[in-house]
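Student: Could we go through this structure together, one question at a time?

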Amino acid sequence: MDQDQKQQILNRLNIIEGHIRGVKRMVEEDAYCIDVLNQTRAIAQALVKLDALILNRHLHSCVITAIRSEDVGERERVIAELMQVFERIH
């Protein structure tokens, strides 16, 4: 992973971490439930963006390398990995 991509992922994780600390603080302070839910939705969206960054990197590195490989087993392995990830989502 190049440094720019790594920094994008770390930045996204810092955003998520900040949101989680904020939600924790809101719960400790008995904040209005809808306000807490709005923040948890922001966390969920930040995680979706994080997933997209990581998936993009994986597709452009590991998957391309495997698909170009002469090893049929390696190609099948990376396809199976991706399928498992997406099957867990639904």
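Student: What length does α2 reach from its first C-alpha to its last?

Tutor: This is a predicted model, in which local features need pLDDT of at least 70, side-chain atom pairs count only at pLDDT 80 or more, and totals for chains, interfaces and linings use all residues. Residues are numbered from 1 along each chain as its sequence is written, and side-chain values use heavy atoms, with hydrogens and water left out. Helices are DSSP runs of H or I with at least four residues, numbered from the N terminus, and the expected span is 1.5 Å times one less than the number of residues. With its 36 residues, α2 is expected to span 52 Å, and the value it reaches is close to that, namely 51 Å.

Student: Is I54 buried, partly exposed or exposed?

Tutor: I54 is found in helix α2. Buried means under 20% relative accessible area, exposed means over 50%, and partly exposed lies in between, with a 1.4 Å probe and protein chains only. Because the relative accessible area of I54 is 41%, this residue is partly exposed.

Student: Which elements give two or more residues to the lining of the largest pocket?

Tutor: On a 1 Å grid over the protein atoms alone, a pocket is an open set of points where a 1.4 Å probe fits, with protein on both sides within 12 Å along at least five of seven lines, and lining residues have an atom within 4 Å of a point. The lining of the largest pocket includes I54, L55, E81 and F86. The elements that give it two or more residues are α2 (33-68) and α3.

Student: Which residue's side chain is joined to that of E81 by a polar contact of 2.6 Å?

Tutor: E81 lies in helix α3, and at 31% relative accessibility E81 counts as partly exposed. A polar contact is a pair of N or O atoms within 3.5 Å, where, within protein, one must be able to donate a hydrogen and the other to accept it, and residues adjacent in sequence count only if both atoms are side-chain atoms. The side chain that E81 contacts at 2.6 Å belongs to R77.

Student: What is the phi of D30 near?

Tutor: Most residues other than glycine have a negative phi. D30, found in the loop between α1 (3-28) and α2, has a positive phi, near 55°.
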